[in-house]
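Please read the points below alongside the model, which they take up element by element.

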Amino acid sequence: MMATVKTLETVVCTTKNNITEICFNRPHRLNAVVEQLYRDVLACLDSAEKDNNIRAIVLRGEGRAFCVGADMKEHESGARSLEQKKDYLQLANDVCRRIFECKKPVIAAVNGYALGAGAEMAVAADFILMAQSAQIGFPEISIGTFLGGGVTHILPNIVGLTQARRLIFIGEKIDGKEAKNIGLAVDVLPDEMFEESVNVFANLVASKAPLSMMFAKQQLNNPNAKGFRGCLDTELESIVSCMQTKDWQEGIDAFVEKRSPVFTGK
């Protein structure tokens, strides 16, 4: 299948084989964030989520970094009003919320530094894959600011409260091996095989039943929303919904026929 490429001001969005890759494209600034980058990412997320053919979304950075956080040159200019700064911060939260609440699985392919806002976007994703040379960190407190993107809610749920405190209070960068050891990254991959390995993982995720995946993400991302009994009720409703789909029958047929299922999202 031929790839479809959409080039925006700060992002390149590539779609191929049911997977959309959103690539931060400011390599000259190590993909540091400006307002337009957030707007471009939101546009790509909206497009991918509306496309029934898309089964998974990959975030990555062009060049030597995933995203090193806010572009400090923009901040130090002092040209923006307080209201404009708040609008920028709201955009940051909007992007992380869209990643976290997206109906489709999102994979953060961390190929270099993921710091500050970059780490926040990565943590909002369903999976973090890291190259061996990559590093991730939350330096906000060390430079007199604070975290956003829901990190103080999501991170403890991933790595536990003690590790979240260490990462946030101290602000040290950790490599892929340590990120995997504490449960932050699902895997750490050799640099020379990183892109290929990310594609293999993304295709594995994309091969699953889309509606089932959507229900699973909604449940797992809000484990305490309704308590245990509420969870049971929601799971039952989700199973009943799945039973009314063609994908349910396809899963049964494929199992009986001892083949891989081909899901259509219907």
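**Notes on the sheet and helices**

1. An open sheet of mixed pairing is formed by 7 strands in the order β1-β2-β3-β4-β6-β8-β11, where two strands pair if DSSP finds at least two bridges between them, and strands (E, at least two residues) and helices (H or I, at least four residues) are DSSP runs numbered from the N terminus. Because β1 (4-7) and β11 (187-189) stand at the edges with a single partner strand each, one side of each is left without a neighbour in the sheet.

2. This is a predicted model, in which local features need pLDDT of at least 70 and side-chain atom pairs count only at pLDDT 80 or more, while totals for chains, interfaces and linings use all residues. Residues are numbered from 1 along each chain as its sequence is written, and side-chain values use heavy atoms, with hydrogens and water left out.

3. Strands β2 (residues 11-16) and β3 (residues 19-24) pair in the antiparallel sense over 6 bridges, and threonine 14 has glutamate 21 in β3 as its bridge partner.

4. The buried residues of α10 are Gly230, Thr234, Ser238 and Cys242, buried meaning under 20% relative accessible area, exposed over 50% and partly exposed in between (1.4 Å probe, protein chains only). Seen down the axis of α10, these buried residues fall within an arc of 110° (taken from the directions from the helix axis to the C-beta atoms), so they line one face of the helix. The face turned away from the buried side of α10 carries the exposed residues Phe228, Arg229 and Leu236.

5. Serine 207, in the loop between α8 (194-206) and α9, is partly exposed, with a relative accessible area of 36%.
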